[in-house]
Amino acid sequence: MSEVVRIAITPNEPIQWPERCPQCGVSHGLVEIKSHVTRETHSYSIAFFRVFRETLSFYFPSCHKHAAQNRFAIFWLRRGGWMALFRVSMYLACFLTLFAGLQLAVGKLTLRYHLSQPGFTIFMLSGWVGLGISFWARKAAAVFPVGLDTDRNIMEIRFSQARYAREFKRLNPRTTHRHLVEKTVFFMRSGFWTLIVFLVAVAFVVKTFK
Ligand SMILES: [Zn+2]
């Protein structure tokens, strides 16, 4: 079972990592994997809208073999950018296959022409291959950087093994302490009020131009 751990970022308390591979547990021949978490915060007024991007890097030990797997899995599962766009098209391909299958089942195949095109078939197949890789990557990413809390200096890391997560928390008792990393109540979060302001603005525009 995977577990997401929230860690408070304090300048005088660096993160301690278990001296073993998070995947297989070996403690010799370890290499360091560089990873990072990012967050985007928005600042706006009548005249401007700005996006601030903050990045925090960290290193964790892993054996040689699993380091390569974990690096690739992090790359595959990362949010935003081209990989996210690629994943969306992959899900679309899977959806189209299911749709064509459903049509076949009821004997009404409107995608007949498309299915006869090799490019389309390759596209649909690649969707399933991609989905398979995503399932594999969830397991292969023993340490996955989820992100930075938008309101507080807290980062989230997903560990694929609960045992490793427990060991990690034992090594970082203060920075992972419940009281320090508790989630902010929804109405105290800046994102909540941004959404309210946005909805009010949309309602105002709709009402004005109706
Ligand atoms: Zn390993």
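## A tour from helix H5 to the helix pairs

Begin by selecting Arg170, which is found in helix H5, where helices are DSSP runs of H or I with at least four residues, strands are runs of E with at least two, and both are numbered from the N terminus. This is a predicted model, in which local features need pLDDT of at least 70 and side-chain atom pairs count only at pLDDT 80 or more, while totals for chains, interfaces and linings use all residues. Residues are numbered from 1 along each chain as its sequence is written.

Arg170 counts as exposed because it has 11 C-beta neighbours inside 10 Å; the cut-offs are 12 or fewer other C-beta atoms within 10 Å for exposed, 20 or more for buried, and partly exposed in between, with C-beta atoms placed from the backbone.

Next, select Val5, Ala141, Val143, Met155, Ile157 and Phe159, the residues with the most contacts inside the largest nonpolar core, which has 20 residues. Such a core is a set of buried Ala, Val, Leu, Ile, Met, Phe, Trp, Tyr and Cys residues joined through C-beta atoms within 7 Å. Strand S1 (3-8), H1, strand S4 (143-148), strand S5 (154-159) and helix H5 (162-171) each supply at least two of its residues, and the largest share, 4 residues, comes from S5.

Stay on Phe159, which touches, among others, Val5, Pro22, Val143, Tyr164 and Phe168, not counting residues up to four places away in sequence; contact requires C-beta atoms, placed from the backbone, within 7 Å.

Now colour helix H1 (residues 64-77) and helix H4 (residues 118-140), which pack at an angle of about 125 degrees with their axes 9 Å apart. The axes are lines fitted to C-alpha atoms, for helices over the stretch in contact, and angles run from 0 to 180 degrees between N-to-C directions. The contact is made by Gln69, Asn70, Ala73, Trp76 and Leu77 of H1 and by Ile133, Ser134, Ala137 and Ala140 of H4.

Finally, keep H4 and show helix H2 (residues 81-105), whose axis comes within 7 Å of that of H4 and crosses at roughly 115 degrees. On the H2 side, select Met90, Ala93, Cys94, Leu96 and Thr97, and on the H4 side look for contact residues including Phe123, Met124, Trp128 and Leu131.

Notes:
Contact = placed C-beta atoms within 7 Å.
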